[in-house]
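Here is a short tour of one protein model, written for someone who is new to reading structures. Have the sequence and the 3D view open while you go through it.

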Amino acid sequence: MAVNNNKLVLLTFAICRLIVTVGLTVVPELLDVGLQGRLSVDTLELEAASVDFGRLSRGEPSEVVHPATAEDVARVVKAAFESPFAVSARGHGHSINGQAMIKEKKGVVIEMGKSDSGEDGSSIRVSEKGMYVDVWGGKLWIDVLSATLEYGLAPMSWTDYLYLSVGGTLSNAGISGQTFNHGPQITNVYELDVVTGKGELVTCSEDRNSELFHAVLGGLGQFGIITRARIALEPAPHRVRWIRVLYSNFARFCKDQEYLISLHGKAARERFDYVEGFVIVDEGLINNWRSSFFSASNPVKITSLNADGGVLYCLEITKNYDQGNADSVDEEIQALLKKLNFIPTSVFTTDLPYVDFLDRVHKAELKLRSKGLWDVPHPWLNLFVPKSRIGDFDKGVFKGILGNKTSGPILIYPMNKNKWDQRSSVVTPEEDVFYLVAFLRSALDTETLEYLTNQNRQILKFCHDIEIKVKQYLPHYTTQQEWMDHFGDKWTQFNARKMQFDPRRILATGQQIFQFHPSLTLNM
């Protein structure tokens, strides 16, 4: 007599919980339950799934699943829906506040980024004719880049760091210096395969199951697990001219950044391809962070540049090119630079292959790892600040709360709201232009962690007190009321989508948006 696979999965999970309870590390035989991948209760694997990049909290999963296919993911979630127990999908573990963790002591982490080989889990399929790539949700963006470059193609929109999973960034937004022109990564997706909180494997797009499609993009993992994404591609350039210029006046810096992003949609020769920036309140950062732009033998001194309030601002821009327009790229750059008001003597330029530019942060990671400075707490704070209040933010935070020690880079660059699809789950400020301000700090000891955490609270309190209506990117809140305030007018829709696609609230419980109740009954 055939035995129902779902019942076997439930039985196996029950056995695993018993094994964990009594402290054994026996891995159950999974071939009998229909999984092509494997389930583990190995102590080392449980430990790896209990921490993330932020190192600010810990999880307590009872099992870790390494799926081989999307059907494996669906079987696990279906079992969780029927039992129920909590399930979190984990990509590269780059969350900051435990968003991809299991904290209920009875739950499963699905390791999407370390999938066993299988038809879905191991392949990246590029369509030259369709100009798209189909990618397993746990694949890293660096893998996507490597695969698409073999065809002379690449995605249009990136994150600064490429060792992030496709499903992870699409569950948030995925932003970088290309966002002003191409929009975030979530606006460059044609189609998704998603396992909903009911354990259903659904293909969705703008034209097919569109409610799920828009819910999942920027949905913080609340509505389903992305097992496949179809991502738009464009011809990849060969090289990049990478330029940094300095400002001592914040108003001029913002005016120039806003002018550059207003050129979106223009012909490539009439705009830059990437616009970012960062704030410098610590001379150590200007001479050491990210690259060798600023020579150690001739270091840049903040005091020598008449910095306004002891703060400098660096505009970071790039121009892509290839063999066909190599002769004209310098002329195009100069035509754009002439319209800007930076410090004339502060132009720093380098030239490098396209792939090296995109993978620039990984080089910094390797240096930090070699010094034991990577696996430390990261009390990051990422904010979307409305354009109309960015000057107030500068005065109160950059020239006020921060002092002269930042413990990490501070990014700042504007984006165009019309490049964001408002049907997605992401929330942004209600202005046509808003800024990302990202405090990417590291804490090497408990005292520094406490100091930076308190400083983050001061920044948020300052914004609240003078009514700067910021929105957190990669948001972290601990009460549902805070989440309701975060989503604002979108909360009703967000809540309704949760009830539709994950009615038992089993997915991504580490976000702490909805409380997981094992005894929750359904009115179906």
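Does S40 count as buried or exposed? S40 counts as buried, because its relative accessibility is 1% (buried means under 20% relative accessible area, exposed over 50%, and partly exposed in between, with a 1.4 Å probe and protein chains only). Keep in mind that this is a predicted model, where local features need pLDDT of at least 70, side-chain atom pairs count only at pLDDT 80 or more, and totals for chains, interfaces and linings use all residues. Residues are numbered from 1 along each chain as its sequence is written, and side-chain values use heavy atoms, with hydrogens and water left out.

**S40 and its sheet**

- S40 sits in strand β1 (helices, H or I with at least four residues, and strands, E with at least two, are DSSP runs numbered from the N terminus).
- A polar atom of the S40 side chain lies 3.0 Å from the backbone nitrogen of D42.
- The open sheet here has four strands in the order β1-β2-β4-β3, with mixed pairing (two strands pair if DSSP finds at least two bridges between them).
- β1 (38-40) and β3 (86-90) are the edge strands, each with a single partner strand, so one side of each has no neighbour in the sheet.
- On average, neighbouring strands of this sheet are turned by 25° against each other, direction ignored (axes are lines fitted to C-alpha atoms, for helices over the stretch in contact, and angles run from 0 to 180 degrees between N-to-C directions).
- β1 and β2 (residues 63-66) run antiparallel and are joined by three bridges. R38 stands opposite H66 in β2.

- How many of the six residues of β15 (residues 381-386) are buried? Six of the six are, and the strand is described as mostly covered.
- In a regular strand the side chains alternate between the two faces of the sheet. In β15 both faces are covered, with L381, L383 and V385 buried on one side and N382, F384 and P386 buried on the other.
- V385 counts as buried because its relative accessible area is 0%.
- β15 pairs with β17 (residues 433-439) in the antiparallel sense over six bridges, and L381 stands opposite F439 in β17.
- β15 also pairs with β18 (residues 471-472), antiparallel again, over two bridges. There, F384 stands opposite K471.
- In helix α13 (residues 390-401), the buried residues are I390, F393, D394, G396, V397 and F398. An α-helix has 3.6 residues a turn, so residues three or four places apart point the same way.
- Just after α13, G403 takes a positive phi of about 70°.

**Strand β8 and its partners**

- β8 (residues 189-196) is mostly covered, with seven of its eight residues buried.
- β8 pairs with β10 (residues 224-235) in the antiparallel sense over seven bridges, and D193 stands opposite R228 in β10.
- β8 pairs with β9 (residues 201-205) too, antiparallel and over five bridges. V195 has L201 as its bridge partner in β9.
- The hairpin of β8 and β9 has four residues between the strands, and G199 takes a positive phi near 85° there.

- R504 lies in the segment after α16 (491-501). R504 counts as buried because its relative accessibility is 15%.
- R504 and F81 are 423 residues apart along the chain, and their C-alpha atoms are separated by 6.7 Å. The R504 side chain reaches the backbone oxygen of F81 at 3.1 Å.

How values were computed
A polar contact is a pair of N or O atoms within 3.5 Å; within protein, one must be able to donate a hydrogen and the other to accept it, and residues adjacent in sequence count only if both atoms are side-chain atoms.
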